[in-house]
Amino acid sequence: MPQPLQPHIVDPAASRDFAASVVSRLRSAGHEAYWAGGCVRDELLGRTPADYDVATDAPPEIVRNLFGRRRTLAIGAAFGVITVLGPKSAGQVEVATFRADVGYTDGRHPTEVIFCSAREDARRRDFTINGLFLDPLTGAVHDFVGGREDLAAGIVRAIGPPAMRFGEDHLRMLRAVRFAATFGFAIERDTRLAIERMAHLVVAVSPERIAAELRGMTSGGGRRLALELLEETGLAREVLPEVAPADEAGRRTWRELASIVAAIDEPSLPQALALLVMPGQERSLAAIATRLRLSTFEAKAARWLHAGLESLGEAADLERRPWSTVQPWAADTRGPLLADLLRARAACGRGDAEAAAWFTRQVERPRHEIDPTPILTGDDLLAAGMPAGPAIGEVLVRIRTLQLDGRLTTKEEALAAVREGG
Ligand code: ATP
Ligand code: MG
């Protein structure tokens, strides 16, 4: 997945032109060079590549000299990868010397790379659809692995013996699911059987990488298929044991939840987790967030959305509830995401559609209406002679509730209520 070092807004056309110019430059210097991997797959599928990778027979030092030290980064040089920086709007291109990866020992990283031919470079890649080369100057495709056929047929197939390839790098099992889901492809039978047999090994992959794959799977268009495949292959049991189904009833629920996740307008990992974790199971959610090392932002969002669903999700009578109990959900910056979840659930027959629509309307009201300026502040209370201390906060909360519920409208009324209520 793309991990841009230059987080500028990249213009797809500029980025494509730059990636072609990199190939052209290498070619002029007498080297073999092609676009390689995911960008070729995306081009042939008519999708806009997120980023471009170039593969070449030029060794890293030559690549650096050709594009200049100032325009290159050598972070991946040990693996033969030089990053070539383009104009701001074009982003960057990874230029990788044709290589074979050898000596996988930890289920994730090769211990050594050997520079080699394009044909051999294709064979170290994970899936046939990711093993293609494209000459952007002529449009010619170089296919050493049968990738074109699989791309046309919609098949994710490991290059070489699947068990060996997944044994080298366990992350590939999650990548297989993500690609199948993203493109609506089938996972080839032997490739899939190998995943089913080896799913338990995926726990050796770093939590960050697992989380990155889950992010990709749950935020893309194929998220329903991704969740179904995770479950069917046994990967869900490994990467999300807290929520993975254990029996047939659980599997039915999982499929139902997958269809709700598919109905979300603004999908993300926190949104999906808030739905997948059953009500009352916030400890599972916390466990998932910790294990996968989710960002604080994601973990908080997931927890908040989960609590929001618990509080509002089953209510058909939202409208009749005291506004002060609904307002904190509606006024929060994440209110629109919660509205999205309620709507998606209702669309799949869970929870009340009217209530979800009503909540959405509340979230959309003008700011000053859903979150009016407090009629009473701490300073007001101090000025009225109340001693500083935690009691001030408690009083403010009580007054805020009464204000939101329309039972107090002015500062004077509020102060009077404080005096009476003690
Ligand atoms: P996307 O960027 O859309 O997630 P991608 O296929 O471009 O998909 P990247 O992670 O950007 O994926 O990798 C680029 C290419 O490098 C892949 O297409 C594949 O050829 C090769 N590759 C990436 N990760 C692996 C891996 N774990 N094992 C083998 N080859 C890999
Ligand atoms: Mg990529």
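**Cavities, a pocket and the helices around them**

The lining of the largest cavity is made up of seven nonpolar, two polar and three charged residues; here Ala, Val, Leu, Ile, Met, Phe, Trp, Tyr, Cys and Pro count as nonpolar, Asp, Glu, Lys and Arg as charged, and the others, Gly among them, as polar. The model is predicted, so local features need pLDDT of at least 70 and side-chain atom pairs count only at pLDDT 80 or more, while totals for chains, interfaces and linings use all residues. Residues are numbered from 1 along each chain as its sequence is written, chains are lettered from A and ligands numbered from 1 in the order in which they are written, and side-chain values use heavy atoms, with hydrogens and water left out.

Rolling a probe the size of a water molecule over the atoms shows where empty space is left. On a 1 Å grid over the protein atoms alone, a cavity is a set of points where a 1.4 Å probe fits but cannot get out, whereas a pocket is an open set with protein on both sides within 12 Å along at least five of seven lines; lining residues have an atom within 4 Å of a point. Grid points are joined across faces, edges and corners, and a volume is the space filled by probe spheres set on the points. By this rule there are four cavities of 30 Å³ or more. The largest cavity has a volume of about 60 Å³, and its lining includes Leu342, Arg345 and Ala346. H17 and H18 each supply at least two residues of this lining, and the largest share, three residues, comes from H17. Helices (H or I, at least four residues) and strands (E, at least two) are DSSP runs, numbered from the N terminus.

Helix H17 covers residues 335-347 and reaches 18 Å from its first C-alpha to its last, close to the 18 Å expected at 1.5 Å a residue; the expected span is 1.5 Å times one less than the number of residues. Among its buried residues are Leu338, Leu342 and Arg345, where buried means under 20% relative accessible area, exposed over 50%, and partly exposed in between (1.4 Å probe, protein chains only). The buried residues of H17 pack against H12, H13, H15, H16 and H18, contact meaning heavy atoms within 4.5 Å. After H17 comes glycine 349, with a positive phi near 85 degrees.

Arg345 also belongs to the second largest pocket, where Val277, Pro279, Leu309, Glu314 and Arg345 lie nearest the centre among 13 lining residues. Helices H13 (269-276) and H15 (296-312) are the elements that give two or more residues to this lining. The volume of the second largest pocket is about 200 Å³. In the loop between H14 and H15 stands arginine 293, which has a positive phi of about 50 degrees although it is not a glycine. Arginine 293 is exposed, because its relative accessible area is 51%.

Elsewhere, helix H7 spans residues 171-183. Of its 13 residues, 12 are buried, so H7 is largely enclosed by the rest of the structure. Arg172 is one of these buried residues, and its side chain is joined to that of glutamate 168 by a polar contact of 2.7 Å. Such a contact is a pair of N or O atoms within 3.5 Å; within protein, one must be able to donate a hydrogen and the other to accept it, and residues adjacent in sequence count only if both atoms are side-chain atoms. Glutamate 168 lies in helix H6 and counts as buried because its relative accessibility is 17%.
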